[in-house]
Amino acid sequence: MAEFTMELNDEQKEVRDWLHGFAADVIRPAAAEWDEREETPWPIIQEAAKVGIYSLDFYAQQYFDPTGLGIPMAMEELFWGDAGIALSIVGTGLAAVGVLANGTEEQIGTWIPQMYGDVNDVKVAAFCSSEPDAGSDVASMRTRAVYDEAKDEWVLNGTKTWATNGGIANVHVVVAVVDSELGSKGHASFIVPPNTPGLSQGQKFQKHGIRASHTAEVVLENVRVPGSCLLGGKEKLDERLARARERAKSGGERVKNAAMATFEASRPAVGAMAVGTARAAYEEALEYAKTRTQFGRPIIDNQGVAFQLADMRTSVDAARLLVWRASWMAVNGKQFTAAEGSMSKLFASETAKKVTGQAIQILGGNGYTREYPVERMHRDAAIYTIFEGTSEIQRLVIARTLAGMPIR
Ligand SMILES: Cc1cc2nc3c(=O)[nH]c(=O)nc-3n(C[C@H](O)[C@H](O)[C@H](O)COP(=O)(O)OP(=O)(O)OC[C@H]3O[C@@H](n4cnc5c(N)ncnc54)[C@H](O)[C@@H]3O)c2cc1C
């Protein structure tokens, strides 16, 4: 087990500086344009692929870093550049992790390369879980997967919503109900290969922020996928369902805890994205406060402004520490006895929303315009308190964990 450290090692510092260079030179200058266009920034994804940032290798290297700091460091730097573009770059990684975590070696080898494509023909992937009637309440999912034994095929029907890269992805990972008696324990994940008949994009959403990231409904009408597209395979699914049925009879405690551990492990990555956006806005505000002069002196000479900056920086650093702690715990298999993953996501998300708002205030009228990036950062920051579990759901998870109550 790696000791917890607050210091990046030399190799990590090198990677961080390289990512920061890409974020500063390629992502940030393109941010306003792609926010305005509200389209997937394919040329930037291709640039990221050329230098090796948009690749499974890079993502896996950070994911398996034993210090736990690889992913938070990478997310913070990319999202410091711009949240919408960065989500377009890392969205595929989030779907790939679903396959890495649950897929067989053959599934990993077959599908993950198709999620990324290659430098000359980049592709993206989507992870589709949320539905119109199943957002926070995942157990209400309706999309069904029925096994057609004669053909060894699964037939998927339903409507997914809010899918990042939904409909434009080469590979979709779709979560569906296979046993409706078991609630969220009766769900399974499926690969929907490129160009599968029956899968189509529904509404593409026009959003408040992260507008360079494509978000859409995904409609599944008699989508037939081979048996080999069930992540983990049929045998493992049957065993898991049998265990869930047994445990449902005897209270179900252990299954609930296992599911919670998975969420706790993925939440710090979203917290790190929020830290990136918050830090970017704080830096803009600090520079502005040092150079903007009113009443014959820089506005930072006013305690009312300086104290705000002091609070902003304190919150950003505190958020990063919570994120790093949770990420280190996840990588090293530490038990989340106080829902530390949820804590990190909650605090970092709320920090990003608050700090970006404070940055607008410090920039005055300029902060309220699209001439300055803090206006976009504030719109972007609102997503962190919503996706991957809203702030209310994080509080619910923390509170139930502290109370020793099961997480539904
Ligand atoms: C831009 C964007 C990208 C997304 N990307 C993806 C993706 O790639 N894949 C995917 O599967 N999903 C994705 N999502 C979906 C996202 O995870 C959901 O929006 C989120 O889980 C909330 O669900 P909901 O929108 O249905 O809100 P609801 O669950 O309807 O919640 C509405 C409000 O009620 C509150 N609430 C609900 N239940 C409780 C409770 N028990 N106690 C207190 N308050 C409660 C919530 O906190 C919230 O404030 C994305 C969403 C957005 C906006």
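Visitor: Where is N195 placed?
Guide: N195 sits in the loop between β7 (187-192) and β8 (199-204). Keep in mind that this is a predicted model.

Visitor: Buried or exposed?
Guide: N195 is exposed, with a relative accessible area of 80%.

Visitor: And what about phi of N195?
Guide: Phi of N195 is near 60 degrees. That is a positive value in a residue other than glycine.

Visitor: What is phi of N222 near?
Guide: For N222, phi is near 45 degrees, again a positive value in a residue other than glycine. N222 belongs to a strand, β9 (residues 215-226). N222 is exposed, at 54% relative accessible area.

Visitor: Switching to the ligand. Which residues come nearest?
Guide: There are 20 residues around the ligand. S130, S136, W162, T390 and E392 come nearest.

Visitor: Which elements supply at least two residues of the shell?
Guide: β3 (125-128), β5 (153-164) and α12 (391-403) each do.

Visitor: How does the shell divide into nonpolar, polar and charged?
Guide: Ten residues of the shell are nonpolar, seven are polar and three are charged.

Visitor: What does the side chain of T390 have 2.6 Å from the ligand?
Guide: An N or O atom of the T390 side chain is 2.6 Å from an oxygen atom of the ligand.

Visitor: And which residues lie by a nitrogen atom of the ligand?
Guide: F127 has a polar backbone atom 2.8 Å from a nitrogen atom of the ligand. T164 has a side-chain N or O atom 2.9 Å from a nitrogen atom of the ligand.

Visitor: How much of the ligand's accessible area does the protein cover?
Guide: The protein covers 64% of it. On its own, the ligand has 970 Å² of accessible area.

Visitor: Back to α12. What does Q394 touch?
Guide: Q394 is in helix α12. Leaving out residues up to four places away in sequence, Q394 touches R267, S342, K345, L346, E388 and G389.

Visitor: Why does Q394 count as buried?
Guide: Because its relative accessible area is 0%, and buried means under 20%.

Visitor: What is F190 in contact with?
Guide: Setting aside neighbours within four places in sequence, the contacts of F190 include A145, W154, L156, H172 and V173. V225, C229 and L230 are also among them.

Visitor: How about T92: which helix?
Guide: T92 lies in α5 (residues 83-102). T92 is buried, with a relative accessible area of 0%.

Visitor: What lies 3.1 Å from a polar atom of the T92 side chain?
Guide: The backbone nitrogen of A125. A125 is also one of the residues that T92 touches beyond four places in sequence, with Y54, M115, Y116, K123, V124 and N165.

Visitor: How many residues of α11 are buried?
Guide: Seven of the eight residues in α11 (residues 374-381) are buried. Among them are V374, E375, R376 and M377.

Visitor: Last one. How far apart are T293 and F205?
Guide: They are 88 residues apart in sequence, and 41 Å apart in space, C-alpha to C-alpha. T293 is in strand β10 (residues 293-294). T293 is partly exposed, at 41% relative accessible area.

Conventions
Residues numbered from 1 in each chain as written. Predicted model: local features only at pLDDT ≥ 70, side-chain atom pairs only at ≥ 80, totals over all residues. Heavy atoms only, no water. Near = heavy atom within 4 Å. Polar contact = N/O pair within 3.5 Å; in protein donor to acceptor, adjacent residues only side chain to side chain. Areas by Shrake-Rupley, 256 points an atom, 1.4 Å probe, with all protein chains shown as cover. Helix = DSSP H or I, 4+ residues; strand = E, 2+ residues; numbered from the N terminus. Nonpolar A, V, L, I, M, F, W, Y, C, P; charged D, E, K, R; others polar. Contact = heavy atoms within 4.5 Å. Buried < 20%, exposed > 50% of the residue type's maximum accessible area, 1.4 Å probe, protein only.
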